[in-house]
Amino acid sequence: MIDFPHMIPYANPIYFIYLLIALLPMILTLLIKGKRWSWYQVLVTLLFLYMSFGGEDWKQGAALIGYVIWQTILVWFYFHYRQKKNESMVFYLAVFLALLPLVLVKVMPFVSGHASLVGFLGISYLTFKSVQIIMEMRDGSIKEYNIFRYIEFLLFFPTISSGPIDRYRRFEKDVENPPAPEKYVDFLGKGIHNFFLGFLYKFIIGYYFGQVLMPVVANMALKTGGFSWELVAYTYIYSMYLFFDFAGYSLFAVGTSYLMGYDTPINFNKPFLSWNIKEFWNRWHMTLSFWFRDYVYMRLMFTLIKKKVFKSRIVASNVGYFALFLLMGVWHGLTWYYLAYGFYHAALICLTDAWLRFKKKHKEHIPSNKFTHVFAIFLTFNAVCFSFLIFSGFLDTLFFK
């Protein structure tokens, strides 16, 4: 019997050997016939879930199984309720119950000092998927509920640990309409390209910034103490590491999806070329920022405006931004630097909105050319890197430990 080693997705080059061997029958079937073997995809999914959540991490595996059962039953009950009624309190209760396992995972370490037993790698991204489905059921966008399809969407293994966060209706179309052989050739090319670029990002550039440079400058900054040029160096090195490591992972996830015939959305689109902070969030971890925008910010804004909580739409928008980014900070963890990170980005977006309104009113007096565009990119890049310094928690180590 083959004893598969425990591996975090895309963290070990050996993982890719197992991945490519497992995907080869899928690739050939799609390339020749333009079809999928559903039963084979189920077997491959179970294999890679076992590699990620089995063995020494069996507790995470048990938590994952319990979580999937909980969410499947919850969404099933809400779907059948929604066919007859649409009470707000029942909807809010369903969303709360869907979020409950994630809330316990985030709160328990803060309260008891121990990790929650219901936690597992990727619980946030599975929760976002489940909450998305409940909200779209309430909106009437999802009119059918197939338990197997729901579990297939929830446990799509290429993206299970850290996204990208797909949308159910888009995923369902891909399941029902696998690409024809001539279209799959394009998928295959993009998948291979993503793999090569992902290796460059994660295992070469990301490794150099994260494992070679970052420990050196971190030690130098700690020895120097306080604000220093070493801290400045750490800021930019950590920012580069964060981008190349996470973007590399995302390229692997999307590349694997392409090889399986799924057009999973990308997560990064040259974010360091953004000319303001709003544009940055349209390019950085895009599926997460779009999820928070669509399912938190827009719905909060609709409620605030509909109930006339604030007379000014600008005030309502600013309140919405702070609520959104503080929630994102809390999602990362209940520490001061994650909250400060959220507050900082909310303040930047509010200032950006104010500047854009001012610029629109006085556009005839404000220059707009290649120089101003490059300068805007420079300012945004530095503002983002400083936010990543806050996010890293290094300031907590430097000043408070």
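This is a predicted model: local features need pLDDT of at least 70, side-chain atom pairs count only at pLDDT 80 or more; totals for chains, interfaces and linings use all residues.

Residues are numbered from 1 along each chain as its sequence is written, and side-chain values use heavy atoms, with hydrogens and water left out. The chain contains 15 helices and 0 strands, where helices (H or I, at least four residues) and strands (E, at least two) are DSSP runs numbered from the N terminus.

**Overall form**

- The radius of gyration of the chain, taken over C-alpha atoms, is 23 Å, close to the 21 Å that the globule rule gives for 401 residues, so the chain is as compact as a globular protein of that length; the rule itself is 2.2 Å times the number of residues to the power 0.38.
- Taken along the principal axes, the box filled by the C-alpha atoms comes to roughly 65 × 55 × 50 Å.
- Of the 401 residues, 48% count as buried, a class that means under 20% relative accessible area, with exposed meaning over 50% and partly exposed lying in between (1.4 Å probe, protein chains only).
- Among the contacts in the chain with a separation of 6 or more, 75% are accounted for by residues 24 or more positions apart, contact meaning heavy atoms within 4.5 Å.

**Helix α5 and its two partners**

- The axes of α5 (residues 123-139) and α11 (residues 286-306) come within 12 Å and cross at roughly 40°, which makes α5 oblique to α11; axes are lines fitted to C-alpha atoms, for helices over the stretch in contact, and angles run from 0 to 180 degrees between N-to-C directions.
- Angles under 35 degrees count as roughly parallel, over 145 as roughly antiparallel, 65 to 115 as roughly perpendicular and the rest as oblique.
- α5 passes α11 in a left-handed crossing, the term used if the near helix is turned anticlockwise from the far one by less than a right angle, with right-handed used if clockwise.
- On the α5 side this contact is made by Phe128, Val131, Gln132, Met135, Glu136 and Asp139, and on the α11 side by Leu288, Trp291, Phe292, Tyr295 and Arg299.
- The residues of the contact of α5 with α11 divide into 7 nonpolar, 1 polar and 3 charged, where Ala, Val, Leu, Ile, Met, Phe, Trp, Tyr, Cys and Pro count as nonpolar, Asp, Glu, Lys and Arg as charged, and the others, Gly among them, as polar.
- α5 also packs with α6 (residues 147-154) at an angle of about 140°, their axes being 10 Å apart, and these two helices are therefore oblique to each other.
- Here Leu126, Lys129, Ser130, Gln132 and Ile133 of α5 meet Tyr150, Phe153 and Leu154 of α6, a contact of 5 nonpolar, 2 polar and 1 charged residues.

**Helices α13 and α14**

- The axes of α13 (residues 336-361) and α14 (residues 370-392) come within 8 Å and cross at roughly 160°, which makes α13 roughly antiparallel to α14; the crossing is right-handed.
- The contact is made by Tyr337, Tyr338, Ala340, Tyr341, Tyr344, His345 and Leu348 of α13 and by Ala383, Phe386, Ser387, Phe388, Ile390 and Phe391 of α14, giving 11 nonpolar, 2 polar and no charged residues.

**Backbone features in loops**

- Most residues other than glycine have a negative phi, and most peptide bonds are trans.
- A cis peptide bond, with omega about 5°, joins Gly163 and Pro164, and Pro164 is found in the loop between α6 and α7 (168-176).
- Lys270, in the loop between α9 and α10, has a positive phi of about 50° although it is not a glycine, and Lys270 is exposed, with a relative accessible area of 57%.
- His285, in the loop between α10 and α11, has a positive phi of about 40°, but His285 is buried, with a relative accessible area of 5%.

- Pro265 is found in the loop between α9 (229-259) and α10 (277-281) and counts as partly exposed at 27% relative accessibility.
- Not counting residues up to four places away in sequence, Pro265 touches Pro164, Ile165, Asp166, Arg170, Val254 and Thr287.
- Phe243, in helix α9, counts as buried at 9% relative accessibility.
- Leaving aside neighbours within four places in sequence, Phe243 is in contact with Tyr201, Gly248, Phe268, Pro271, Phe272 and Trp284.
- Phe243 and His285 are 42 residues apart in sequence and 9.6 Å apart in space, C-alpha to C-alpha.
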